[in-house]
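Open your viewer, colour by chain, and follow along. Each stop below tells you what to select and what you will find there.

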Protein chains: 2
Amino acid sequence: MTLPFIAVDWGTTSFRAYRVSSDGSVDGERTSADGILAVADGNFEQALERHLQGWDTALPVFAAGMITSRQGWVEVPYVECPAGVRDMAAAVVSRVLASGRTVYFSTGLHMAGGSLGHDVMRSEETQVFGSLHAGATQYVTPGTHSKWIDVQDGRIVRFSTYVTGESFALYRHHSILGRLMAGDADDEQAFARGVDMAFGDAAGLLSSLFSVRSLGLYGELGPDALSSYLSGLLIGTEVAHAIAQRKRDGLWLVLASPAIAGRYLRALHMAGLKAEMGDPLAMVAGQRLIAQAAGII
Amino acid sequence: MTLPFIAVDWGTTSFRAYRVSSDGSVDGERTSADGILAVADGNFEQALERHLQGWDTALPVFAAGMITSRQGWVEVPYVECPAGVRDMAAAVVSRVLASGRTVYFSTGLHMAGGSLGHDVMRSEETQVFGSLHAGATQYVTPGTHSKWIDVQDGRIVRFSTYVTGESFALYRHHSILGRLMAGDADDEQAFARGVDMAFGDAAGLLSSLFSVRSLGLYGELGPDALSSYLSGLLIGTEVAHAIAQRKRDGLWLVLASPAIAGRYLRALHMAGLKAEMGDPLAMVAGQRLIAQAAGII
């Protein structure tokens, strides 16, 4: 049993707050599209108070995500990888607000080297730390920028980012590929066809993307199948590359909302891997562990 | 010596007309951003007459590009690949306008099979046919949708499309990767670094794209180098995939405006291939050959 607190995930385009009781269960939730980009003039304190209105100001607030980036409220330097819960806890900084609330800011992780030279994340690490009990060695956090995260002995030792979700949104809504599409209903067969295409030629994405148009023009895929096919091409390309660089055995845990996580699971299963869906609230459990290690709750 | 005529390339986002004298030289040019998407209510005849105002209505007009697609003026079915100048000539259809002008519409090419199942192009084939005297066996027409075109005995036998130019525009102007960029000046070193990254890991595009952000965040590439680096990543990925599927020997001819063609030449030379820049007006020469074969001029 620890003290109750408020867990906040404040990203670029969304705000989520959970009131967490002393046994770790969530007894209140506030969500909003007020990501850090939507907060005018850096007025983060006012925005936070508005979102948390009515929640006890004595509860410590634990915040992670882009809110601790250069574009956010309080920039907290990245912790270097490899890192565990204690390393994250040691980097927490706090600020007392006019209302009397104390906000604790938790930073993200930086990895030097790797194929990109540098890689970074903010908040995905809390999902991983909150899922360690599942016993996986590989974690995937699909999203605008997906992260593939490798854990050893409870520490994040390596990770890599894929701009898959953002790419899907670009091609879906801003490219000529989206012109033939009607809706975004999940078409499992079209999705699998896209994954197959990607698995067969992982280096050919810029070319296979054109098949979204040519297969549509020739009626091989209907307008309501093209969005799922595009999704399969992109997710398949990501999965093919990410698993080629990792050991295939062990459990792969996918941490995202069920709709997105389900697609990644299908692609991982098509690749013959053992993969499961993780707890969508793992972020809250991870923040609780870091807050405990920091002596905040 | 053949009759003079007017060569028109009418694409999705641009209109170009050239008045061609009997010896094949260009003695007049009209260009506009009135691509087929900019023409209201399908009023293509009015738009064409406006662009050609003052040019002799007795001159035959030869038109190619998206103007012959389903979204254009007169839809002309694709010619099946392999195809040469005579096949294109046999598919030309004509229409007489109120002014007395005759417009001849030249269609594009369709290739069944191949890695995509279906592939199509409209107007790039005229550039290739107009460049056959260069003696290349491989042609590249970079652009919104780049085409890699294989020629044997004067006929186009195979081609494949890459959505590279459109992808660059999307990531440059609509993604988080563009946020750190300042301008689009050509930075040869940053471009080469992007090409190198792509050549080293051609299947990792969705991941290496994130390095546009992470290398920018860590100051390894300045704001005015990031656009060239992104361009190198995308063009390098395209080149790596396209040349892996073709014979490396022989001459590769790049057909585009000098700025774009120059970048493709650099990437092809980095790959150790013999590549040259083609004639930017090859399209006019190609249309002339097709118009001659059709008995129009």
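This is a predicted model: local features need pLDDT of at least 70, side-chain atom pairs count only at pLDDT 80 or more; totals for chains, interfaces and linings use all residues.

Buried area is the accessible area (1.4 Å probe) that two parts lose on being put together, summed over both. With that in mind, show both chains: the area buried between chain B and chain A is about 4,100 Å², and carbon and sulfur atoms give 66% of it.

Residues are numbered from 1 along each chain as its sequence is written, chains are lettered from A in the order in which they are written, and side-chain values use heavy atoms, with hydrogens and water left out.

**The interface**

Stay with the two chains. Contact means heavy atoms within 4.5 Å, and 48 residues of chain B are in contact with 48 residues of chain A. How many residue pairs are in polar contact between chain B and chain A? There are 14, counting pairs with both residues at pLDDT 80 or more; a polar contact is a pair of N or O atoms within 3.5 Å, where within protein one must be able to donate a hydrogen and the other to accept it, and residues adjacent in sequence count only if both atoms are side-chain atoms. Now highlight the elements of chain B that each supply at least two residues to the side touching chain A, among them α4 (164-174), α7 (210-217) and α8 (226-244). Helices (H or I, at least four residues) and strands (E, at least two) are DSSP runs, numbered from the N terminus.

**The axis**

Next, superpose the chains, by least squares on the C-alpha atoms of residues with pLDDT of at least 70 in both. A rotation of 180° with 0.0 Å of shift along its axis places chain B on chain A, with an RMSD of 0.0 Å. The two copies are therefore related as by a two-fold rotation axis. Centre on Ala203(B): in chain B, its C-alpha is the nearest to the axis, at 1.9 Å.

Select Thr2(B), in the segment before β1 (5-10). Is Thr2(B) buried or exposed? Thr2(B) is buried, with a relative accessible area of 18%; buried means under 20%, exposed over 50%, and partly exposed in between (1.4 Å probe, protein chains only). The Thr2(B) side chain makes polar contacts with the side chains of Arg288(B) at 3.1 Å and Gln292(B) at 3.4 Å.

**A strand in chain A**

Move to Asp150(A) in strand β11 (residues 146-152). Asp150(A) is buried at 9% relative accessible area, and a polar contact of 2.7 Å joins its side chain to that of Arg246(A).

Most residues other than glycine have a negative phi, and most peptide bonds are trans. Zoom in on Cys81(A) and Pro82(A), joined by a cis peptide bond with omega of about 0°; Pro82(A) lies in the loop between β5 (79-80) and α2 (85-90). Cys81(B) and Pro82(B) are likewise joined by a cis peptide bond.

Finish with two residues in chain B. Ser123(B) has a positive phi of about 100° and is buried, at 10% relative accessible area. Asp153(B) has a positive phi of about 50°, but Asp153(B) is exposed, at 80% relative accessibility.
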